[in-house]
Amino acid sequence: MTITITAFEASPDRGQGLARDTRVRWALEEVGQPYEVRLLSFLAMKEPAHLALHPFGQIPTYEEGDLGLFETGAIVFHIAERHAGLLPSNANARARAIAWMFAAVNTVEPPILELATAKLVESDKPWSEERLLLLHERVRNRLKQISVRLGGADWLDGAFSAGDLMMVHVLQRLKPSGILGEFSNLSAYVARGEARPAYKRAFAGQLAVFTNKNAESVRSAVHEQIIRSNTMTNSIRTCLWFKDGRGPEAAAFYCALIPGSRVERIFRFDNGMGAASVTDFTLGGAPYQILDAGPHFDLTEAVSISVETDDQAESDRIWYALTADGGKESACGWLKDRYGVSWQVYPKRLTELTMHSNEAVSKAAMAEMMKQKKIDIAAIEAAVKAVT
Ligand SMILES: N[C@@H](CCC(=O)N[C@@H](CS)C(=O)NCC(=O)O)C(=O)O
């Protein structure tokens with residue numbers, strides 16, 4: 001009977017193997033069962049067809065004939081029960097291996113996920129540093145306990161089992177944090193898991209999805225789904241990539257600041273590394289989107305929001321609000337706001353003068369503008385007057 005599992009069409013971890021289909025792929029590779037993979041977009045995961053299979057609208061799922069399963073613990077357990085290679089035949093050893101599977105998802109994974117989520121979405125909070133210390137300590141304690149139990153052994157309880165498979169995959173998420181590196185036997189344990197041929201095949205399989213689709217589709221998969229949705233009114237938007245979980249907050253701030261703006265909708269999802277979101281909004285009539293989905297890209301001055309205002313007073317109002325609370329003045333009417341987005345803010349008189357048909361006027365206006373940070377239109381008018 002064909003086995004079909006589901007996985008992210010565009011995994012937010014960009015093929016690092018953290019998405020949980022990797023552990024199911026690994027289990028199937030260990031027991032030598034062929035399988036097919038159905039790739040899902042974030043929105044398809046929340047549609048009725050997938051919800052019938054997975055009540056929480058997540059990946060992975062497992063289908064085999066009439067059987068539909070969700071939860072990686074249950075899926076890997078099912079695979080291990082049906083096929084030799086992942087659970088010992090001795091009844092007590094088998095029960096202990098199953099205990100390690102539960103320990104991985106029930107006792108070890110929750111604090112690790114909490115730490116990852118706190119780093120991703122709470123780092124701007126005033127209490128973040130204190131909370132991160134606490135969460136690090138909680139994770140460190142768990143690792144200490146596993147490290148003591150593992151000691152110098154290769155695996156947690158005798159031969160490699162489904163318990164090790166689950167534990168190694170859970171611990172992998174900690175690799176970038178450096179905490180795992182504090183425990184040399186645990187680092188070696190994870191490396192030992194990753195060196196298994198079955199793991200390598202599973203990793204390559206999930207990486208191929210990312211490589212085939214490339215980074216572009218991480219963004220476009222979400223965007224495509226939004227275009228298809230009924231609530232969409234505009235099909236073209238400038239999309240800004242955020243990575244710190246403050247996308248919805250930024251959109252609300254911009255909309256409160258610029259007349260004729262509104263937040264149209266916020267779509268939140270868990271991208272496997274923590275909370276992510278897509279915020280559609282209209283800024284002074286222009287459609288924008290913020291895709292806030294992890295640390296892959298940085299904002300840059302190469303993309304800026306250009307605001308032409310009626311007069312100096314309106315420019316000043318917007319300028320002061322955008323440069324406040326961590327924003328930064330740049331040159332010639334440019335600034336970077338507290339979220340790292342670049343803006344150009346200038347009264348429309350500046351455009352009239354710098355694009356004037358009289359070259360002496362446009363040159364004088366341009367030369368004066370180049371000296372300024374916030375645009376001072378009176379000084380520019382004076383410079384123009386001096387040459388005409
Ligand atoms: N406890 C579940 C967790 C499943 C899970 O969190 N899946 C993530 C991907 S690794 C997901 O689908 N996230 C998207 C979402 O929740 O919307 C399991 O082990 O299967």
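At what angle do the axes of α3 and α4 cross, and within what distance do they come?

**View 1. Helices α3 and α4 in the predicted model.** The axes of α3 and α4 cross at roughly 160 degrees and come within 10 Å. Axes here are lines fitted to C-alpha atoms, for helices over the stretch in contact, and angles run from 0 to 180 degrees between N-to-C directions. The crossing angle makes α3 roughly antiparallel to α4 (under 35 degrees is roughly parallel, over 145 roughly antiparallel, 65 to 115 roughly perpendicular, and the rest oblique). Helices (H or I, at least four residues) and strands (E, at least two) are DSSP runs, numbered from the N terminus. This is a predicted model, in which local features need pLDDT of at least 70 and side-chain atom pairs count only at pLDDT 80 or more, while totals for chains, interfaces and linings use all residues. Residues are numbered from 1 along each chain as its sequence is written.

On the α3 side G73, V76 and F77 take part, and they meet I98, M101, F102 and V105 of α4. Residues are in contact if their C-beta atoms, placed from the backbone, lie within 7 Å. By class, the contact of α3 with α4 has six nonpolar residues, one polar and no charged (Ala, Val, Leu, Ile, Met, Phe, Trp, Tyr, Cys and Pro count as nonpolar, Asp, Glu, Lys and Arg as charged, and the others, Gly among them, as polar).

**View 2. Helices α3 and α6.** The axes of α3 and α6 are 10 Å apart, and the helices pack at an angle of about 150 degrees. That makes α3 roughly antiparallel to α6. Their crossing is right-handed. G73, V76, F77 and A80 of α3 meet A162, L165 and M166 of α6. This contact of α3 with α6 has six nonpolar residues, one polar and no charged.

**View 3. The buried residues of α3.** T72, I75, V76, F77, I79 and A80 of α3 are buried (20 or more other C-beta atoms within 10 Å of a residue's own; 12 or fewer is exposed, and in between is partly exposed; C-beta atoms are placed from the backbone). The elements that cover them include α1, β3 (61–64), β4 (67–70), α4 and α6. In the loop between β4 and α3 lies E71, which has a positive phi of about 75 degrees although it is not a glycine. E71 is partly exposed, with 18 other C-beta atoms within 10 Å.

**View 4. The largest nonpolar core.** This core has 51 residues, and those with the most contacts inside it are A27, V76, A104, A162, M166 and M167. A nonpolar core is a set of buried Ala, Val, Leu, Ile, Met, Phe, Trp, Tyr and Cys residues joined through C-beta atoms within 7 Å. Elements that each supply at least two residues include β1 (3–8), α1 (21–30), α5 (128–150) and α8 (197–228). The most comes from α4, with eleven residues. M166 touches R23, G73, V76, M101, A104 and V105, not counting residues up to four places away in sequence. A second, separate core of 34 residues includes F281, Y339, L350 and I377.

**View 5. Helices α12 and α13.** The axes of α12 (residues 359–369) and α13 (residues 377–387) come within 8 Å and cross at roughly 140 degrees. That makes α12 oblique to α13. The crossing is right-handed. Contact residues include A360, V361 and E368 of α12 and A379, I380 and V387 of α13. The residues of this contact divide into twelve nonpolar, no polar and one charged.

**View 6. Two loop sites.** I59 and P60 are joined by a cis peptide bond, with omega about 0 degrees. P60 is in the loop between α2 (48–51) and β3. D325 lies in the loop between α10 (312–323) and β10 (328–329). D325 has a positive phi of about 50 degrees although it is not a glycine. With 9 C-beta neighbours inside 10 Å, D325 counts as exposed. Most residues other than glycine have a negative phi, and most peptide bonds are trans.

Definitions and conventions: Left-handed = near helix turned anticlockwise from the far one by under 90°. Contact = placed C-beta atoms within 7 Å.
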